[in-house]
Amino acid sequence: MLSSDDLDISCLAAWTAPGQARMMIELRLARWGMAHIAHDVHLIAGELIANAVRSTPEAEIRIRFVREAGTVLLGVWDGSDAMPVARPVKEMTLDDIVPDPRALDPGHDDGTGGWGLPIVQALSSECGVQLTPPHGKWVWSRTPF
């Protein structure tokens with residue numbers, strides 16, 4: 001059950017949503033005396049919200065951020081039934097980093113995306129996905145404080 005101090009918002013799945021949500025989350029963390037975990041929670045929020053925006057552009061998404069015993073819980077809902085997929089983590093070397101002349105071309109995919117979920121998994125004590133029939137899902141993460 002949400003308390004009046006928790007964050008529960010609905011917004012348009014636009015590329016401004018991650019930044020706006022991170023600002024609201026930062027204010028909550030400061031109010032709760034948990035500014036020391038803001039960096040990790042910002043990374044998690046940015047990844048989960050960006051995935052929701054990518055899955056359902058221009059549709060509604062929901063963001064919940066609540067305090068629990070020893071953790072904060074961040075949940076992001078979108079109306080897509082597509083499940084998030086984590087890219088396998090591989091060790092990179094300097095030889096893997098090469099200039100991409102098309103990097104600034106609109107719509108160009110350089111193949112470097114898909115690392116967000118491993119970041120979320122590494123920073124969370126627990127994370128997962130819960131389907132919401134008839135459609136959509138909550139993608140969530142717990143971060144210890």
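Is Trp 32 buried or exposed? Trp 32 is buried, with a relative accessible area of 9%; buried means under 20%, exposed over 50% and partly exposed in between (1.4 Å probe, protein chains only).

## Basis of the model

This is a predicted model, in which local features need pLDDT of at least 70 and side-chain atom pairs count only at pLDDT 80 or more, while totals for chains, interfaces and linings use all residues. Residues are numbered from 1 along each chain as its sequence is written, and side-chain values use heavy atoms, without hydrogens and water.

## The aromatic pair

The structure holds 1 aromatic pair (ring centres within 6.5 Å, with the six-membered ring taken for Trp). Trp 32 and Phe 65 form this pair, which is stacked (planes under 30 degrees apart), at 5.3 Å centre to centre and 20° between the planes. Trp 32 lies in the loop between α1 and α2 and Phe 65 in strand β2, so the pair ties together parts that are 33 residues apart in sequence. Phe 65 is also buried, with a relative accessible area of 0%.

Helices (H or I, at least four residues) and strands (E, at least two) are DSSP runs, numbered from the N terminus.

## Surroundings of Ser 80

Ser 80 lies in the loop between β3 and α3 and is buried, at 13% relative accessible area. Beyond its neighbours within four places in sequence, Ser 80 is in contact (heavy atoms within 4.5 Å) with Ser 55, Thr 56, Gly 136 and Lys 137. Ser 80 and His 135 are 55 residues apart in sequence, yet their C-alpha atoms are 6.6 Å apart in space.

Terms used
Rings of Phe, Tyr and Trp (its six-membered ring) pair if their centres lie within 6.5 Å; planes under 30 degrees apart count as stacked, over 60 as edge-to-face and the rest as tilted.
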